[in-house]
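Open the model in your viewer and keep the selection tool at hand. The stops below go one at a time.

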Protein chains: 2
Amino acid sequence: MFGFRVPMVDARERVTGTIEFVQNLVLPGMLHARVLRSPHAHARILGVDASRAAAAAGVMAVLTGADLDDPALDPAFGLFLRDQPPLARDVARYAGEPVVAVAAETEAEAEAALAMIEVDYEPLPAVLDVDAALAPGAPVLHPGPRRLAFNRRDLVAHQPGLTGTNAIHRFRLRRGDAEAGFAGADLIVEGEYRTPAVAHVAFETHVCVAWFRAGGLTVWSSSQAPSTLAETLAGVIGLPVARVRVIVPTLGGGYGSKIDPSIEPLVTLLARKARRPVRLSLSRAEEFVTGMKHPSVVRLRTGVRLDGTLVAHEAHCLYNGGAYATDTPEKITRGYASMGPYRVPDIRVDSAGVYTNVTPACAFRGFGMPQMAWAHETQMDRVADALGMDPLALRLHNILLPGDAFSTGETLLEDPHYPELLRDAAARIGWAWPIEPERAGSRVRAKGLAAIIKGMGAFSATAAVKLNADGTLNVLTSSVEMGQGALTVLAQIAAHELGVPLADVRVSTPDTEVTPFDAMTAASRATSFMGRAIRAAVGDVRAKLLALAADQLEAAPADLSVEDGRIVVAGAPATSRSIASVVAAAKVGSLSGEGWYRPSIGLDPQTGQGIASPQWHPAVCAAEVEVDEETGRVQILQLHVGLYVGRMVNPTGCELQVFGASLFGVGQALFEELRWDEAGTLTNPNLSDYMIPSFLDLPQRFGQTVLETPGTIDIHGIGETPLPAIAPAVANAVSRAIGARVMELPMTPERILRLVRERDAVPRGAEPGGAAARGARASATPAG
Amino acid sequence: MFGFRVPMVDARERVTGTIEFVQNLVLPGMLHARVLRSPHAHARILGVDASRAAAAAGVMAVLTGADLDDPALDPAFGLFLRDQPPLARDVARYAGEPVVAVAAETEAEAEAALAMIEVDYEPLPAVLDVDAALAPGAPVLHPGPRRLAFNRRDLVAHQPGLTGTNAIHRFRLRRGDAEAGFAGADLIVEGEYRTPAVAHVAFETHVCVAWFRAGGLTVWSSSQAPSTLAETLAGVIGLPVARVRVIVPTLGGGYGSKIDPSIEPLVTLLARKARRPVRLSLSRAEEFVTGMKHPSVVRLRTGVRLDGTLVAHEAHCLYNGGAYATDTPEKITRGYASMGPYRVPDIRVDSAGVYTNVTPACAFRGFGMPQMAWAHETQMDRVADALGMDPLALRLHNILLPGDAFSTGETLLEDPHYPELLRDAAARIGWAWPIEPERAGSRVRAKGLAAIIKGMGAFSATAAVKLNADGTLNVLTSSVEMGQGALTVLAQIAAHELGVPLADVRVSTPDTEVTPFDAMTAASRATSFMGRAIRAAVGDVRAKLLALAADQLEAAPADLSVEDGRIVVAGAPATSRSIASVVAAAKVGSLSGEGWYRPSIGLDPQTGQGIASPQWHPAVCAAEVEVDEETGRVQILQLHVGLYVGRMVNPTGCELQVFGASLFGVGQALFEELRWDEAGTLTNPNLSDYMIPSFLDLPQRFGQTVLETPGTIDIHGIGETPLPAIAPAVANAVSRAIGARVMELPMTPERILRLVRERDAVPRGAEPGGAAARGARASATPAG
């Protein structure tokens, strides 16, 4: 079943509108919740008077910070650090933070009750960006000691020096001797690269229904991480994990926004207080204050020889984590890729996640890599410009080849196929050096390139399978179908592994009471990690099956194999039995198997040396753009992405994922940015003011090259891979077109026009490619 | 957790009315079904005109026999023989058989549409009892060849000689030399014993909701056999078992009525035709024509020496199976116990199940054993009477002791503790021989005894477990909670086996998409069989856990054990870790395990020799009654039952089950009987005319003795054990009181008065104890 373009197994339900979303769930006696949110970015809560709301028509429960003092509860939650309360307790730390929640018979009654609540705030000084938050004397959001989350003690080393600062967590990497490296460089290029906050904008907003019943808690949630959510809720309400059931039928998109617990603890506590099922579905506006991509500031120094050989790299990477830690402690480790997919012997990297008084940043498609790629691929073009070198040639000269060591010291075991991918992508858009921008009136065209390497989170995946008496297979996983086709690909893998038709396999959706633990459907890991776990589980059940068949066929198990749903004896092709007949004859009813993939990674906390990722995903992008220097509008004429994926399970699904992730990159390149006013209020929490790509923004030519290794079982996830490469490739083309360097995303018309104006205000040639862009402390100085 | 009187884990939901019954399930767009049933016991269906019904208000689908001709379907079903159509196709075989089904927006609309359907019947001659059905020239209900059900080929040997007869299946047992045995007897006692059709009368009527969705079929059903039902429905509609999901939250009682598929194929086909979820909930009247206990006629010959030693036994056992085979092929094997729990060297048994034009008989608490016990324990008292011997002494003289061979040739491995149980029960009611009935006016008191042995069906049980990262356990089984406390007992077994608190274990209810195969919750096998499977599954997961702990503790797995939720190293008591810390440190998220119990039984089809049951359940009963010879009313003054159960998991649950099963016996002894008129129409399908015991019918003294072996893991099921002993013990007391032998159940006032009249019409002493009862061809003749 590998390599077959099968339709999604739930295609019919999806297009006929009969697929089950939590949004459509109706339970008997279900209440509806609405949330009153802080209007202040930072404020002390002096008092809450919800008495009128509690007495209002239809209101069944009102939850305030005072309810969190129940000694039976342990309400603070967080994937790595338990620092986030379901409701602001004494302090609100961002504008939009939940302060009071109401559950009523109807959503309108709950909404009406919100207006009756009086909250007395004392505004506090707020910090909105990383530099302000790290400045001496800045207000500290979380002054108390840090508390590690359950089951994450081994993943995040405790860093006691952080108490009393706004640093969430720090990461450092030391390889070779950076000082010596820079000393030996012919040229040192510096730059500061910024990316903005970006919203996920899944079609489906966050939704959760919580119900205490049958001696436990059942939660239906739009979660990408049902198993982890069950552990979180168990911790909050003090129930055994065995009694917390998280059910996720399907999602209308996630993109990382639904990994971290967010509304679920709040809805759970409301249901607990109301003693009824409670539903909360966020409005689109609320989505914008529930999670976002980490804004970043990355400062790079690159040492290079005149022949283009990279010799030293220094990075200082700051991720703006917003008001709560969420997954920031892991995200900042992505500093390991701040030099990109290149050989650099001497490296020094420091990363930090920073608390600020904005929306909590959380996982976002690409998980910290787009911030790195934006920096290193812009920097690479600036290095090429400084050297007067073809950016393609510079990349090919330094690109990682099989056997090369990465920044973490690990050797790439798989061939990432970079030279092939880079040359192919360049050729597809007609790359030729030197590039002379083609000008027609106010419009100017140019081309750009980027290459990236992406690591993956390493949480283990477990699968269980049940082989039925008719030889068909049920697969139990906690992997979430969110439109990406997980159910289809996982069924293909199981069918392939057992040797039965796809129709004979059914993959269940997560129900943590029965489906094995899986940390999350994220990080491009469903196909690759869960796929391996399923293969192992099928192997487990096959071994049991062959043991039964060996008895029945009077053969040694080692002489048996499964081919096309039949068990055959080596050397005796005429002697075969169907799987069904073996299971039936053994009277076992069903056979169960378990399998897992538990990648072993780990980085030394002092040096960042070790194993950072179980797989490395390579991608390249080549872009041709047309910039209108009168309007500032950027149009993408050609976009070609290239990936090596090991092997495609479902080529249709793979290609659609690659296009989808690339289009995400287009939005981030050109328009997407959350903006706050000076008081810390989000100014564009709606889809009129916050732009996402439409079909009109599709590149005019949009292509992809996906390389495979025939027969390999090393299947890559591909949900994120091309995304980090898009913005820098487009920006490198834009910078070349306008002769001014883009150092900050997105490339809105306003920003382009400003660059063009600044370009025209300074002498051309101050820096090849335009290094004098706004705010960039970039320089290209011949080194000592 | 063994031996603890814990409350039922779902007690709170049960008493607060929040537990989920399928009866309460509401689905979006759900239609409601009603069924038109045959008024004839046997009739050819010449035509069905449902056109008006199909056009009626609210009607969305009408299903007739013609719909079964769809070549995509294979509609006939049955646990052993596929002989039952969802709807009568060309022939209706009993009064009450479904002929047309309607699905409409409301139940009232469906009911109204039934009146618009015209069915043209040609009545056929009907046979209502086994003798009529087996008589030469009787109309044959199923003239065609027999078709074996999926996955039951090995359980029911094909018997080709049956075609063209009304014999459903035959069973024979031959041990020793019966002819020689009778030749050596001093006395031969003969008798014919009859039991009537009895209704299960579960509080919850049959209910089923079927919905085609997500590429498969989901069925919520009040089924005691969800895994088997999934296989049945998969066969009917041609889907892989992996795509048929049967969900059973809980049942309001089953007692065997919900083992065989009944309404589910019909509801499934309606849902398929309507393309909507369809619900059918039977009325109380419909319950009475959906299943029943097999009426029986058992003819016994017993050869005995004058000292009371049993030497020969011959039995001819006829079970009236009604119109379809259901589980009759297995039930008739219970002829192996037609001589009761006694040593008899020479045995000849022939059993048959017989098709008749009445409601299909199906599983019923006790599964064929009450019919046997009624015969052999009445016969034993008649043997004692014939010998002038104390019935207690006669039983003790012949009772099975450890090491004795049973009729099947198997040796009892466990001590059934009969002498202890018999002496105890007799003493509890003040047994003293000879018994002189105590008369006071028209009221007369006497005492009776009975002893029985019960075998069990041997289908395998499989369990899966999931150990969570906090050390708590989810247990996955397809065992059905139907008020008997299965969820509680299975949780206790799992908690005991893993060594964790009961609150840390959650047992899931059946959902065949994810829970492993279990043939059925029946035959007293949930605690004993599934308990063993769970213990094995916990053992499996514990082995995985200890392997992880061994790595972490740098110890050999063999040196590790689990005590009170902690893993300890032998010889190093200070070195221990919690289960939670081991699972968490290994980053595995969860660990899964599988376990099963697959009893190996099998009887030679020619001789009935082999292994009939994986466990043998002993019970005794002692009763004292008062009969009013003017009114015919029987009152039970004392009832004491005795069982050996291996070990009680939850003594409260065990005792309640024993009382409950005993009360079932009281109903069957005194009132319960389904009656048909001569045309084959049921005359009492309601709870005014069909009597079940009320609290007023409780024995005035009601006691039990439950023997255990401390520390044993050989746990018996106890859901049925005492039931077969009740009616004969009560009847032996009644017969002794009135001086006339009861040969047929139930002991209604009418029947008692008739016996008293007949007694007074014949000379006393013709047979000690009154062998000249109506219809009994009983004799006690000195043998040649």
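This is a predicted model. Start by selecting Thr290(A) together with His206(A), Ser262(A), Leu282(A), Thr359(A) and Pro360(A): setting aside neighbours within four places in sequence, these are the residues that Thr290(A) contacts. Thr290(A) sits in the loop that links α8 (284-287) to β13 (296-304) of chain A. Is Thr290(A) buried or exposed? Its relative accessibility is 15%, so Thr290(A) counts as buried; the cut-off for buried is under 20%. Now show the backbone oxygen of Glu286(A). A polar atom of the Thr290(A) side chain lies 2.7 Å from that oxygen.

Zoom in on β17 (residues 443-454) and β27 (residues 617-628) of chain A. They run antiparallel, joined by 12 bridges. Pick Leu449(A): opposite it, in β27(A), stands Ala622(A).

Finally, show both chains. What rotation superposes chain B on chain A? One of 180°, with 0.0 Å of shift along its axis and an RMSD of 0.0 Å. That is how a two-fold axis relates its copies. Select Val514(B): its C-alpha, at 3.5 Å, comes closest to the rotation axis among the residues of chain B. Then colour the interface. The copies meet through the same surface, because 100% of the interface residues of chain B are also interface residues in chain A.

Methods. Residues numbered from 1 in each chain as written. Chains lettered and ligands numbered in written order. Predicted model: local features only at pLDDT ≥ 70, side-chain atom pairs only at ≥ 80, totals over all residues. Heavy atoms only, no water. Least-squares fit on C-alpha atoms with pLDDT ≥ 70 in both. Contact = heavy atoms within 4.5 Å. Helix = DSSP H or I, 4+ residues; strand = E, 2+ residues; numbered from the N terminus. Buried < 20%, exposed > 50% of the residue type's maximum accessible area, 1.4 Å probe, protein only. Polar contact = N/O pair within 3.5 Å; in protein donor to acceptor, adjacent residues only side chain to side chain. Pairing = 2+ DSSP bridges.
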